[in-house]
Amino acid sequence: MIQLISVMSELGAGTRGSSQGFHAINSASLDLQKDQGDESTKFFAKNKVIHLEIDHINPLYRSEYRHAINIDGIDRMFQRISEAVQHSVNKKNIPVIISGDHSNAGGTLRGLKKAYSDSRIGVVWIDAHADLHSPFTTPSGNIHGMPMATAISEDNEESAINDPDDKTIDLWNQLKGDSKKILPEDIIYIGLRSIEEAESFLIKKHNMAVHTVKDLRDKGVSGILSEVRSKLSKCDVIYISFDVDSMDPKVSNGTGTPVDEGLSENEAFQLLRNFASDEKVKCVEFTEINPLLDSIGDPMGEVAFRLLKETISCLNNRCINNFL
Ligand SMILES: [Mn+2]
């Protein structure tokens, strides 16, 4: 079964509103299904998607950790998310997570690492940003720029611009966790186009795979997919993390940190349906949908819903046989 897990925590973002992401998708689903004359206006119910909502603690937190804002609350969220994801996988479900900001993906990965403790886990990070900062390197202090660093357990002190206090460092070490790490060579970036120096340093240091939007246009979606396939051939399990800011702001205005020259909706659609069709893909996350920053109507919710719908259908049917 597909288990839809909504995690409306926005503690890691610099702007409020991604906590409304699931509601934006849900209301788009009601409207779009109605427009298509579908008798059931509830796509999720119709596709036998079980929904689990994880309680957030957004109102409680405004913490003083300036190089890792709200890190104490985010640590609590990581725990909740990882338990839910681990439980979902143990029940033989495929978790599809709709999260507020991208910091939550660190909790998802912690859960996957526990649930698949004997497996090698590959990560496809579809995003305008590398999210590889640490409290030592972050210019903003926002933890949604750090989840990949928690996954590979990188402080990147070589690129330090901050001097975080001991309490921040303790919490950061806790956030990274003591379970096994994701190997940097098992991470693939797609759509990356806004990278800061400290992140570039790590990408070079670990020789991480990056596919820019231009690469995708040059090689085509199928060219990128075959490179991903060979790069992740040794992984048993693949996690797809889809930040809507990977898409162009023309499509994806309702998000915290839009960046020009992004993927088109169709390119995102082709990527997601191919990934979701592969048996190795055991978890997909949609994140950073922020209707408070959107234009009138709910265009971001509608785009995200169309992509989510195709992703869920392909996960259910594994539409394209063993592409990866
Ligand atoms: Mn991101």
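**View 1. Helix α3 and the elements packed around its buried residues.** In this predicted model, the buried residues of helix α3 pack against the strands β1 (2-7), β2 (50-54) and β3, and also against the helices α4 (104-115), α5 (147-152) and α6 (166-176). The buried residues of α3 are Ile 71, Gly 73, Ile 74, Asp 75, Met 77, Phe 78, Ile 81, Ser 82, Ala 84, Val 85, Ser 88 and Val 89. An α-helix has 3.6 residues a turn, so residues three or four places apart point the same way. At 1.5 Å a residue, the 20 residues of α3 (residues 71-90) should span 28 Å, and this agrees with the 28 Å that separates its end C-alpha atoms. Just after α3, Lys 92 adopts a positive phi of about 70°.

View 2. Strand β8 (residues 281-287) is mostly covered, with six of its seven residues buried. Strand β3 (residues 94-99) runs parallel to β8 and is joined to it by four bridges, and within this pairing Val 96 has Val 284 as its bridge partner. Strand β7 (residues 237-243) also pairs with β8 in the parallel sense, over six bridges, and here Tyr 239 stands opposite Cys 283. Together with helix α9 (residues 265-276), the strands β7 and β8 make a right-handed β-α-β unit.

**View 3. Glu 267 in helix α9.** Glu 267 is found in helix α9, and at 13% relative accessibility this residue counts as buried, because the cut-off is 20%. Leaving aside residues up to four places away in sequence, Glu 267 touches Leu 216, Arg 217 and Val 221.

View 4. Asp 131 lies in the loop between β4 (121-126) and α5, whereas Asp 243 belongs to strand β7, so the pair ties together parts that are 112 residues apart in sequence. Both Asp 131 and Asp 243 are buried.

**View 5. Two nonpolar cores and the surroundings of Met 247.** The largest nonpolar core has 52 residues, and those with the most contacts inside it are Val 124, Ile 190, Met 247 and Phe 275. Helix α10 (residues 299-317) gives the most to this core, contributing nine residues. Apart from this core lies another, of 46 residues, among them Phe 78, Ala 151, Tyr 189 and Ile 203. When residues up to four places away in sequence are not counted, the contacts of Met 247 include Phe 242, Val 259, Leu 263, Ala 268, Met 300, Val 303 and Leu 307, and Arg 193, Ser 252 and Glu 265 are also among the residues touched by Met 247.

View 6. Asn 156 has its place in the loop between α5 and α6, and its phi is near 55°, a positive value in a residue other than glycine. Asn 207, found in the loop between α7 (197-205) and β6 (209-211), has a positive phi of about 55° although it is not a glycine.

Conventions
Residues are numbered from 1 along each chain as its sequence is written. This is a predicted model: local features need pLDDT of at least 70, side-chain atom pairs count only at pLDDT 80 or more; totals for chains, interfaces and linings use all residues. Side-chain values use heavy atoms; hydrogens and water are left out. Buried means under 20% relative accessible area, exposed over 50%, partly exposed in between (1.4 Å probe, protein chains only). Helices (H or I, at least four residues) and strands (E, at least two) are DSSP runs, numbered from the N terminus. Two strands pair if DSSP finds at least two bridges between them. A crossover is right-handed if, with the strands pointing away from the viewer, the path from the first strand over the helix to the second runs clockwise. The expected span of a helix is 1.5 Å times one less than its number of residues. Contact means heavy atoms within 4.5 Å. A nonpolar core is a set of buried Ala, Val, Leu, Ile, Met, Phe, Trp, Tyr and Cys residues joined through side-chain atoms within 4.5 Å.
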